[in-house]
Structure formats: C-alpha cells, structure tokens
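The structure and its sequence are shown first.

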Amino acid sequence: PFQFTAPRVTHVTKQWYQRRVRGDVGMLKRQAAKVVSSEHHITQNGDEMDVNVVATGQKGKHQQYTVGNNFTETEVNGEEAEVSTEWDGDTIKETHKTKSLTYTLIRELQDNDTMVLHLESPKGTKAKRIYKRM
C-alpha cells in the first residue's frame, strides 16, 4: 500500500488574496486560519483509503472509505454530511453535502513528496493547501 504523511505548507491563491483584500472573508476566520495547522496521514491500497487528519486548533478526523462509494461524516460545524467519492483522473474528488452547504475537496498527489488539497465552496471561494512529506 502507498502511504503519505505530511504537514501543510501554506499557499495563498490570487483569488483568496483578492477576497481578503475586499473583505469577503471575515477577520475572525482569517485569524483562525493562521493558527490552524494539520497533518494528513494517508494509506492507500487500491481504491481503499484510510485518511487520518491531525489538526491543531480544531477536532481532527479519521476517514476510511472505498473510492467510488459514499460515506457519512460529521463536519466541523457539527452537521452530518453525505460524502461521495470518485476518481477524477489521478485525483480523488470528494463532494460533501450537508443540510446547509455543499463543497468539493480534491486530493491531488503531485509527486511522491507533495499532496495538494483543493477546496471549493458554493460561493466560489477556493483554497489550496500544499502538504510536503517529512
């Protein structure tokens, strides 16, 4: 099985910076994002995924799923989400749906030492987190 464990390296996209300058992202959320860090411990065996997220400043999470199937998880805001997963080329696309929102998360392994996590909200806000293997 393939294993990937890495902490996040902060990367700011142009769109995120423009929204921040315009004030679309609240001050409290920006301050919180500065102090939250996470590590992703991922083990893949074919389509079987085991993802353990260890985070500071918030509750971590553990996911075990088969790509192509759905699973349920509790989001950070406490809502239950139905999560659908699928391969999109060499990336894994997760669509999280709760009563109040739907967002997309894409895990992209750029090389054996770099994973990029792309997030997109319904309002069009995009985030990109880069994780480097230690």
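The largest nonpolar core has 14 residues, and I42, M49, V51, Y65, V67 and I92 are those with the most contacts inside it. A nonpolar core here is a set of buried Ala, Val, Leu, Ile, Met, Phe, Trp, Tyr and Cys residues joined through side-chain atoms within 4.5 Å. Two or more core residues come from each of β3 (48-56), β6 (80-88) and β9. Strand β3 gives the largest share, three residues.

The model is predicted: local features need pLDDT of at least 70, side-chain atom pairs count only at pLDDT 80 or more, and totals for chains, interfaces and linings use all residues. Residues are numbered from 1 along each chain as its sequence is written, and side-chain values use heavy atoms, with hydrogens and water left out.

**Overall layout**

The chain has two helices and ten strands, where helices (H or I, at least four residues) and strands (E, at least two) are DSSP runs numbered from the N terminus. From the N terminus the order of elements is β-α-α-β-β-β-β-β-β-β-β-β. Of the 134 residues, 30% are buried; buried means under 20% relative accessible area, exposed over 50%, and partly exposed in between (1.4 Å probe, protein chains only). The chain exposes about 8400 Å², of which carbon and sulfur atoms supply 50%; the areas come from the Shrake-Rupley method with a 1.4 Å probe, and for residues only the protein chains shown count as cover. Among contacts (heavy atoms within 4.5 Å) between residues at least 6 apart in sequence, 33% join residues at least 24 apart.

**Aromatic pair and polar contacts**

Rings of Phe, Tyr and Trp (its six-membered ring) pair if their centres lie within 6.5 Å; planes under 30 degrees apart count as stacked, over 60 as edge-to-face and the rest as tilted. The count by this rule is one aromatic pair. The ring centres of Y65 and F71 are 4.9 Å apart and the planes are at 15 degrees, so this pair is stacked.

H40 lies in strand β2 (residues 37-45). Its side chain makes a polar contact with the side chain of R107 at 3.1 Å, and a polar contact of 3.0 Å joins the side chains of H40 and Y131. A polar contact is a pair of N or O atoms within 3.5 Å; within protein, one must be able to donate a hydrogen and the other to accept it, and residues adjacent in sequence count only if both atoms are side-chain atoms.

| Residue | Relative accessible area | Class |
|---|---|---|
| H40 | 4% | buried |
| Y65 | 5% | buried |
| F71 | 12% | buried |
| I106 | 22% | partly exposed |

**Strand neighbours**

I106 is in strand β8 (residues 102-111). Leaving aside residues up to four places away in sequence, I106 touches T91, I92, K93, V116, L117 and H118.

N70 belongs to strand β5 (residues 70-74). With the same exclusion of residues up to four places away, N70 touches E82, V83, S84 and T85.

Strands β9 (residues 114-120) and β10 (residues 126-132) run antiparallel and are joined by seven bridges; two strands pair if DSSP finds at least two bridges between them. E120 has K126 in β10 as its bridge partner. Five residues lie between the strands of this hairpin, in which G124 takes a positive phi near 95 degrees.
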